[in-house]
Every structure is written in C-alpha cells, then in structure tokens.
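I opened this notebook to log a few look-ups on side chains and surfaces. The entries follow in the order I made them.

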Amino acid sequence: MKNLQRWFERIAGFDPLEYERYRQARQVFSRENFDDRPLRLPACWRRRVRVNAVEA
C-alpha cells in the first residue's frame with residue numbers, strides 16, 4: 001500500500017520536502033499560545049521600504 005502511495009505521489013508531483021514544510025508549519029501554527037496578530041497585517045505593509053523615491 002505504501003508503494004502505491006509513493007507511486008501516486010511521484011505521478012501527481014508531490015515533493016517530500018513539501019510534506020516536511022507542511023509538518024513544520026503545523027508544528028508552529030498549531031500552538032495554543034501562538035499570537036497571530038502580527039500576521040494579520042499584510043507582509044508588504046510590514047516590510048521597510050528599500051527603494052528610495054527619485055524626484056524628477
């Protein structure tokens with residue numbers, strides 16, 4: 001059965017590294033004391049501006 005699952009994953013294009021990333025994300029975000037307030041703000045608004053505006 002496991003071989004059949006592996007064949008399906010290869011045909012469908014699943015990557016073992018993707019499973020590892022998913023496992024790590026679940027481990028971090030499933031914590032009871034996880035504070036998601038900083039993530040509610042879009043990432044583009046959290047980043048500093050790296051391009052200086054050039055006045056013409």
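**Entry: Arg 50.** I started with the accessibility of Arg 50. At 78% relative accessibility, Arg 50 counts as exposed, because the cut-off for exposed is over 50%. The model is a predicted one. I then looked up where Arg 50 sits: it is in the segment after α3 (43-46). I also checked for a patch around this residue. Arg 50 belongs to a positive surface patch, together with Arg 46, Arg 47 and Arg 48.

**Entry: nonpolar surface.** Next I asked which residues make a nonpolar surface patch. I found Met 1, Leu 4, Trp 7 and Ile 11. I noted about 590 Å² for the area of this patch. Leu 4 lies in helix α1, which covers residues 2-12. Its relative accessible area is 51%, so Leu 4 is called exposed.

**Entry: salt bridges.** Side chains of opposite charge can pair when their charged atoms come close. I asked how many salt bridges a search of the whole structure finds. The search gives four. I logged three of the pairs, as below.

I took Arg 21 and Glu 18 to begin with. They form a salt bridge, with 2.6 Å between the closest N and O atoms. Both residues are in helix α2 (residues 16-29). They are three residues apart, about one turn of the helix. I looked up how open each partner is. Arg 21 is partly exposed at 46% relative accessibility. Glu 18 is partly exposed too, at 45%.

I went on to Glu 20 and Arg 23. Their salt bridge has its closest N and O atoms 2.6 Å apart. Why are Glu 20 and Arg 23 separated by about one helical turn? Because they are three residues apart in helix α2. For Glu 20 I read 33% relative accessibility, which makes it partly exposed. For Arg 23 I read 43%, and this residue also counts as partly exposed.

I then turned to Asp 35 and Arg 37. In this salt bridge the closest N and O atoms are 2.9 Å apart. Is Arg 37 buried or exposed? I found a relative accessible area of 58%, so Arg 37 is exposed. Asp 35 has 38% and is partly exposed.

**Entry: aromatic rings.** A pair of aromatic rings is described by the distance of the centres and the angle of the planes. I searched for such pairs and found one in the structure. It is made by Phe 29 and Phe 34. I noted 5.0 Å from centre to centre. I noted 85° between the planes. The pair is edge-to-face, because that label applies to planes over 60 degrees apart. I finished with the accessibility of both rings' residues. Phe 29 has a relative accessible area of 48%, so it is partly exposed. Phe 34 has 29% and is partly exposed as well. For Phe 34, I checked the cut-off: buried means under 20%.

Note on methods
Residues numbered from 1 in each chain as written. Predicted model: local features only at pLDDT ≥ 70, side-chain atom pairs only at ≥ 80, totals over all residues. Heavy atoms only, no water. Patch = residues over 30% accessible without salt bridge, like charges linked within 9 Å, V, L, I, M, F, W, Y side chains within 5 Å. Areas by Shrake-Rupley, 256 points an atom, 1.4 Å probe, with all protein chains shown as cover. Salt bridge = Lys/Arg side-chain N within 4 Å of Asp/Glu carboxyl O. Lys, Arg positive; Asp, Glu negative; His and termini not counted. Charge placed at Lys NZ, Arg CZ, Asp CG, Glu CD. Helix = DSSP H or I, 4+ residues; strand = E, 2+ residues; numbered from the N terminus. Buried < 20%, exposed > 50% of the residue type's maximum accessible area, 1.4 Å probe, protein only. Phe/Tyr/Trp six-rings, centres within 6.5 Å; stacked < 30°, edge-to-face > 60°.
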